[in-house]
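Dear colleague,

Please find the structure below, together with its sequence. My notes on what was found in it follow directly after.

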Amino acid sequence: MEKYALITGGTKGIGKAVAFCLGKAGYNLVLTYASDPNTAEHTREEFQQQLQIKVFVLQADVTDKDSIEKIYTYLQERDLLLNAVVFNAGLTCRDSFEDLSLEDWERVFFANVHFPVFFLQRIVRRINKGGSVVFTGSLMGIQPHSVSLAYGVTKSAVHALVKNLVKFLTPYELRVNAVAPGFVDTEWQKTKPAEIRRNIENKVSLGRFCDPEELAEVYKMLIENSYFNGEVVVVDGGYSYK
Ligand SMILES: NC(=O)c1ccc[n+]([C@@H]2O[C@H](COP(=O)([O-])OP(=O)(O)OC[C@H]3O[C@@H](n4cnc5c(N)ncnc54)[C@H](OP(=O)(O)O)[C@@H]3O)[C@@H](O)[C@H]2O)c1
């Protein structure tokens, strides 16, 4: 039987690496993105050339509540049932505490917390029994030293959400977990000044950023191992031990 995985923010960075890893394992892919259709199309072509799977890409901004219905309708029209959902697209706001606006605070909360809850509510019956939901949390949701207050608090909420959702997804025979990455070498990190990148490397026991590909294996494990449930798996290269 065909398997499908939906990955929000699946066209770049961590989401793309997870998509490729699942594609190699035979999952067909539905990848969402927000603002860069060229990269999304390039990712679709790249995957379709390299993997013998179906790949769909869909613009659906997680800061917009209409995206919930947009993705639902897209799946329904193609009669797609899912085996895995990865909530990966996430937002930050790096304004100082003094400059932080209520609108920005709400936008980060909507994207990181409200969107996945209400999207999941909408599509839960389109996920096959035995399926799996994985969130992208963050080390910043565990160690409160993010430069963004809204980011750290929402990622903590994501971790709490995973544990609380177990009870609500069990009747659907679905498991739910999160990966909490430390510092992963995606555009998100590559755009930081060299000095800040060096400071980060110095704090990680392994002395380097995580490759998205090595992180992706952890998502696949959480999706495929049938006994992981309600877990937040930290992948930080030993950040706390140095
Ligand atoms: N990189 C790290 O060190 C790190 C560490 C811990 C946690 N994380 C988390 O990992 C996740 C992905 O980060 P990343 O580093 O892989 O980022 P990335 O390389 O910038 O990729 C982000 C992906 O998400 C999409 N996206 C961005 N904003 C979106 C929105 N509003 N709605 C829908 N899709 C959106 C992007 O598509 P478009 O460009 O087309 O919009 C792209 O496909 C985030 O939740 C982040 O908080 C990252």
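A polar backbone atom of N88 lies 2.7 Å from an oxygen atom of the ligand, a polar contact being a pair of N or O atoms within 3.5 Å. The backbone of V62 places an N or O atom 2.9 Å from a ligand nitrogen atom. From Y151, a polar side-chain atom is 2.5 Å from an oxygen atom of the ligand. On its own the ligand has 900 Å² of accessible area, of which the protein covers 92% (Shrake-Rupley method, 1.4 Å probe).

The model is predicted: local features need pLDDT of at least 70, side-chain atom pairs count only at pLDDT 80 or more, and totals for chains, interfaces and linings use all residues. Residues are numbered from 1 along each chain as its sequence is written, and side-chain values use heavy atoms, with hydrogens and water left out.

Around the ligand there are 30 residues, of which K12, N88, Y151, T186 and Q189 come nearest; a residue counts as near if one of its heavy atoms lies within 4 Å. By class, this shell has 12 nonpolar, 13 polar and 5 charged residues, with Gly counted as polar and Tyr as nonpolar. Helix 1 (13–24), helix 5 (149–169) and helix 6 (187–190) each supply at least two shell residues, and the largest share, 3 residues, comes from helix 6.

The protein chain has 8 helices and 7 strands (DSSP runs: H or I of at least four residues for helices, E of at least two for strands, numbered from the N terminus). Its C-alpha atoms fill a box of roughly 50 × 40 × 40 Å along the principal axes.

With kind regards

Key: Polar contact = N/O pair within 3.5 Å; in protein donor to acceptor, adjacent residues only side chain to side chain.
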